[in-house]
Amino acid sequence: MNTVKRPSVQEELQRNPELKEVDLQHLRDWYTKQPHYPRNFPDEDFVYFLHVSDYELEQAKVTIENFLTCRTHTPEFFSNRDPVGCKELRTAMGTVCILPLEQRTPEGYGVLYTRLINYDVDRFSYYDNMRLMNMIAELWVLQQGTMKGQVMICDIQGVKMSHALRTPLSGVKKSLHYLQEAAPIRLKALHYLNTSSVMDFMLTLMKPFIKKELMDMFHLHHSVESLKKHMPIEILPNEAGGNAGPIDELYGKVLKNLEDHREYFLAEEREMRVNESLRPGKGKAAKKVAEFQSSFEKLDID
């Protein structure tokens, strides 16, 4: 598979004293015995899944299974990921900003900042926006390597009730399932900035699918002032009250990085999916994905 330049396994072993070569080898051996898995799983990915699982081997296996299965069975988020040739993605790039900040928090956490940059409701597509977010977050994690944790800031500036009403309930469930069960990140906090009554409605949609551990990470801010209690706001883009630079300049670099790695995304989609015809027995993760696909289609809010 076309690769992304990222920290090597040796660099990660030096960075993380808890990371052991014997555990990596255990995961490699286990993985080769799973006939339905893609064959070209990068060695560095075993590092990430051990890291986000607090170096517990059995939890790392569960997360890998969830990760690969989600990517196979939720094409809404993980197909048509051509950052150059996909018209829907290009529209999303001009609708929503997904910005990994260049500076980290004092704790060493990476920060992902998101907001609308075009408020036209007709341009808003939850699935396309989430597809773009997953791509940018994925490339960010690959290039940065293991982090002590990640923080998400969702700036609600410009979000209207009409945007919320275009959010499909099944899509919310699927994205939260991926975030909580499969994403190779150590999420430490989720901050919603410039909240309004729209956020109350969105939380009503989300709450049935949020585990207590994630709910405890939620912080709602009516303005940037209360965010100061959690991190230095100077690391934010200028438009959010920080001094990291203008959004269009910062986001332009992110999108250029995405386009430069077009071949990686094309190869990832082609090569890194589960072959269900080879799965031994009935996979619990596949069954779970199938259940929430069928159960929540009728609850979509169009």
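1. In this predicted model, the second largest pocket has a lining of 19 residues, and those lying nearest its centre are Val52, Leu179, Gln180, Ile185 and Met217. The space in this pocket comes to about 610 Å³, and its lining residues divide into eight nonpolar, four polar and seven charged.

2. As to where that lining comes from, two or more residues each are given by helix H4 (57-73), helix H9 (169-181), strand S4 (187-193) and helix H11 (212-215). The largest share, three residues, comes from H9. Because domain 1 (9-78 + 262-298) and domain 2 (88-260) both give residues to the lining, the second largest pocket lies between them.

3. A search of the whole structure finds one cavity of 30 Å³ or more, and about 50 Å³ of space lies in the largest cavity.

4. The residues that line the largest cavity are Tyr48, His51, Val52, Val141, Gly145, Thr146, Met147, Gln150, Pro184, Ile185 and Arg186. By class they divide into six nonpolar, four polar and one charged, and helix H3 (residues 43-52) gives the most to this lining, with three residues. Val52 and Ile185 are named here and also among the residues nearest the centre of the second largest pocket.

5. On the domains themselves, the assignment gives domain 1 as 9-78 + 262-298 and domain 2 as 88-260. Their C-alpha centres lie 23 Å apart, and 29 residues of domain 1 are in contact with 30 residues of domain 2.

6. A helix pair also deserves a remark, namely helix H7 (residues 126-144) and helix H14 (residues 262-271), whose axes come within 12 Å and cross at roughly 105°. On the H7 side the contact involves Met135, Glu138, Leu139 and Leu142, which meet Tyr264, Phe265 and Glu268 in H14. The residues of this contact divide into five nonpolar, no polar and two charged.

Notes: Residues numbered from 1 in each chain as written. Predicted model: local features only at pLDDT ≥ 70, side-chain atom pairs only at ≥ 80, totals over all residues. Heavy atoms only, no water. Axes fitted to C-alpha atoms, helices over the stretch in contact; angles between N-to-C directions. Helix = DSSP H or I, 4+ residues; strand = E, 2+ residues; numbered from the N terminus. Contact = heavy atoms within 4.5 Å. Nonpolar A, V, L, I, M, F, W, Y, C, P; charged D, E, K, R; others polar. 1 Å grid on protein atoms, 1.4 Å probe; cavity = no way out; pocket = protein on both sides within 12 Å on 5 of 7 lines; lining within 4 Å. Points joined across faces, edges and corners; volume = space filled by probe spheres on them. Domains from an automatic or database assignment.
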